[in-house]
Amino acid sequence: MKPSLQPRRVNGLQNGHPAGCGLSSKLIYWDGEIFMPTASLALSAQLSRRIEKLAQAAGRTPESMLRFVIRDGLDYCEYAVKNINEGLADIEAGRTHSAQDVRGHFAKRRSARRDKKAA
């Protein structure tokens, strides 16, 4: 007789994990490689909204964004997507500096630092 793959509830736990976190024997195939066992998570409405908003800003699906969120952390992902989008908006609005301007700026700073050390 084959063992059952159906989740079992024991003392408030489901398959040894808190309810809402069921592990499965399925594998994720990502870029042709076996990635990890799948897991189902019960997310709060607030967390689901944050992930959906982040996925939309990044141009991804909520499901694919969740992989990055779990790996890198939601706070960092929000920070990165926000700053990247702001940078892209700056480029589109023409708020940029030429390489010559940047080199000139840092040359002045180096000169000021040398002058300060010499004094």
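Axes here are lines fitted to C-alpha atoms, for helices over the stretch in contact, with angles from 0 to 180 degrees between N-to-C directions. The structure is a predicted model, in which local features need pLDDT of at least 70 and side-chain atom pairs count only at pLDDT 80 or more, while totals for chains, interfaces and linings use all residues. Residues are numbered from 1 along each chain as its sequence is written, and side-chain values use heavy atoms, with hydrogens and water left out.

**Figure 1. Overview of the protein chain.**
The protein chain contains 4 helices and 5 strands, where helices (H or I, at least four residues) and strands (E, at least two) are DSSP runs numbered from the N terminus. Read from the N terminus, the order of elements is β-β-β-β-β-α-α-α-α. Of the 119 residues in the protein chain, 12% are buried (under 20% relative accessible area; exposed is over 50% and partly exposed in between, with a 1.4 Å probe and protein chains only). Contacts (heavy atoms within 4.5 Å) between residues at least 6 apart in sequence include 17% that join residues at least 24 apart.

**Figure 2. Packing of helix 2 against helix 3.**
The axes of helix 2 and helix 3 are 7 Å apart and form an angle of about 115°. Helix 2 is therefore roughly perpendicular to helix 3 (65 to 115 degrees; under 35 is roughly parallel, over 145 roughly antiparallel and the rest oblique). On the helix 2 side, Met 65, Phe 68, Val 69 and Asp 72 meet Leu 74, Tyr 76 and Cys 77 of helix 3. By class, this contact of helix 2 with helix 3 comprises 6 nonpolar, no polar and 1 charged residues (Ala, Val, Leu, Ile, Met, Phe, Trp, Tyr, Cys and Pro count as nonpolar, Asp, Glu, Lys and Arg as charged, and the others, Gly among them, as polar).

**Figure 3. Packing of helix 1 against helix 2.**
Helix 1 packs on helix 2 (residues 62-72) at an angle of about 100°, the axes being 9 Å apart. This angle makes helix 1 roughly perpendicular to helix 2. Ile 51, Glu 52, Leu 54, Ala 55 and Ala 58 of helix 1 meet Pro 62, Met 65, Leu 66 and Val 69 of helix 2. The residues of the contact of helix 1 with helix 2 are 8 nonpolar, no polar and 1 charged. Glu 63 also belongs to helix 2 and is exposed, with a relative accessible area of 59%. From C-alpha to C-alpha, Glu 63 lies 8.8 Å from Ile 51, although the two are 12 residues apart in sequence.

**Figure 4. Crossing of helix 1 and helix 3.**
The axes of helix 1 (residues 45-58) and helix 3 come within 10 Å and cross at roughly 30°. Helix 1 is accordingly roughly parallel to helix 3. The crossing of helix 1 past helix 3 is left-handed (the near helix is turned anticlockwise from the far one by less than a right angle; right-handed if clockwise). Leu 47, Arg 50, Leu 54, Ala 57 and Ala 58 of helix 1 meet Leu 74, Asp 75, Cys 77, Glu 78, Val 81 and Asn 85 of helix 3. The residues of this contact of helix 1 with helix 3 divide into 7 nonpolar, 1 polar and 3 charged.

**Figure 5. Surroundings of Val 81.**
Val 81 is placed in helix 3 and is buried, with a relative accessible area of 13%. Neighbours within four places in sequence aside, Val 81 is in contact with Leu 54, Ala 57 and Ala 58.

**Figure 6**
The structure holds 1 aromatic pair (rings of Phe, Tyr and Trp, its six-membered ring, with centres within 6.5 Å; planes under 30 degrees apart are stacked, over 60 edge-to-face and the rest tilted). The ring centres of Tyr 76 and Tyr 79 are 6.0 Å apart and the planes stand at 40°, so this pair is tilted. Both tyrosines, Tyr 76 and Tyr 79, lie in helix 3 (residues 74-92), 3 residues apart, about one turn of the helix. Tyr 79 is exposed, with a relative accessible area of 52%.
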